[in-house]
Amino acid sequence: MERHFEKVEEILKKYGYKRENLIKILLEIQEIYRYLPEDVINYVSTAMGIPPAKIYGVATFYAQFSLKPKGKYAIMVCDGTACHMAGSPEVLKAIEEETGLTPGNVTEDLMFSLDQVGCLGACALAPVMVINGEVYGNLTADKVKEILRKIKEKERESANV
């Protein structure tokens, strides 16, 4: 896939190609592509004079970056102690039943991606999942399936408009 780098170039210019802005630059790039594609990392490397290995080091160190495509609806399920004890394995099972996803993967249509994380910091609402920044707490398998079905329905309706 041949990529055009105009938007990447705009972001680089916005931050003055400065090394100290690398994290901000990568975050904005990831907003465009929903992950950090290899060719884009190589472009940024050349444009900023930073070795690709250093950029990969930053991208793999910080949990908010992904080197694999994310779905339009990026699901994160907490598996910290409180969530695990409150039922996060059942949450993961319900997501798999509804979407076919297991942690670390994305649906073929790029609609959903699923990540299992150590803690989302919402222990009082355990078990918890976050979809595109929206927190869903006190989950049961049925609640999870209902949330995902509503998202699918919304997508079908917007596709028919």
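**Entry 1: S45**

In which helix is the place of S45? I looked this up in a predicted model. S45 sits in helix α3, residues 38-48. Its relative accessibility is 8%, so S45 counts as buried, the cut-off being under 20%. I then listed its contacts, leaving aside neighbours within four places in sequence. S45 is in contact with I50, P51, P52 and I55.

**Entry 2: domains**

I checked the domain assignment next. The chain is given domain 1 (3-59) and domain 2 (71-157). I noted 29 Å between the C-alpha centres of domain 1 and domain 2.

**Entry 3: the annotated cysteines**

I turned to the UniProt record. The unreviewed entry places the feature "binding site" at C78, C83, C119 and C123. These positions span 46 residues in sequence, yet no two of their C-alpha atoms are more than 9.1 Å apart, so they gather at one spot.

I looked at two of these cysteines in detail. C78 belongs to strand β1. C78 is buried because its relative accessibility is 3%, and the cut-off is under 20%. Skipping residues up to four places away in sequence, C78 touches C83, S88, V117, G118, C119, L120 and V128.

C83 is placed in helix α5, residues 81-86. With 2% relative accessibility, C83 counts as buried too. With the sequence neighbours up to four places away skipped again, C83 touches C78, S88, A126, P127 and V128.

**Entry 4: the cis peptide bond**

Which peptide bond is cis? I found the one from A126 to P127, with omega near -5 degrees. P127 lies in the loop between β3 (112-117) and β4 (129-131).

**Entry 5: positive phi**

I noted two residues other than glycine with positive phi. R34 has phi near 70 degrees. R34 is in the loop between α2 (22-33) and α3. Its relative accessible area is 33%, and R34 is partly exposed.

N132 has phi near 50 degrees. I placed N132 in the loop between β4 and β5 (134-136). N132 counts as partly exposed, at 45% relative accessibility.

**Entry 6: salt bridges**

How many salt bridges does the structure hold? I have nine. I went through some of them.

D115 pairs with K70, the closest N and O atoms being 2.2 Å apart. This pair links distant parts of the chain: D115 is in strand β3, K70 in the loop between α4 and β1, and 45 residues separate them. D115 is partly exposed, with a relative accessible area of 22%.

K72 forms a salt bridge with E155, and here the closest N and O atoms are 3.1 Å apart. Again distant parts of the chain are linked: K72 is in the loop between α4 and β1, E155 in helix α7, 83 residues apart. K72 is partly exposed at 38%.

E146 and K150 make a salt bridge with 3.2 Å between the closest N and O atoms. Both lie in helix α7, four residues apart, about one turn of the helix. E146 is partly exposed at 42% relative accessibility. K150 counts as exposed because its value is 55% and the cut-off is over 50%. I also noted one network: salt bridges that share partners join K93, E97 and K145.

**Entry 7: back to E155**

Is E155 buried or exposed? E155 is buried, with a relative accessible area of 14%. E155 is found in helix α7, residues 141-159. I listed its contacts, not counting residues up to four places away in sequence: E155 touches K72, Y73 and M111. From E155 to M111 I have 44 residues in sequence and 9.2 Å in space, C-alpha to C-alpha.

**Entry 8: a nonpolar patch**

Which residues make the nonpolar surface patch of about 360 Å²? I23, L27, F61 and Y62 do. I followed up Y62. Its place is in the loop between α4 (52-61) and β1 (73-78). Y62 is partly exposed, with a relative accessible area of 31%. Patch members need over 30%, so Y62 at 31% passes that cut-off.

Conventions:
Residues numbered from 1 in each chain as written. Predicted model: local features only at pLDDT ≥ 70, side-chain atom pairs only at ≥ 80, totals over all residues. Heavy atoms only, no water. Patch = residues over 30% accessible without salt bridge, like charges linked within 9 Å, V, L, I, M, F, W, Y side chains within 5 Å. Areas by Shrake-Rupley, 256 points an atom, 1.4 Å probe, with all protein chains shown as cover. Salt bridge = Lys/Arg side-chain N within 4 Å of Asp/Glu carboxyl O. Buried < 20%, exposed > 50% of the residue type's maximum accessible area, 1.4 Å probe, protein only. Domains from an automatic or database assignment. UniProt positions renumbered as here; feature names shortened; annotations may be inferred. Contact = heavy atoms within 4.5 Å.
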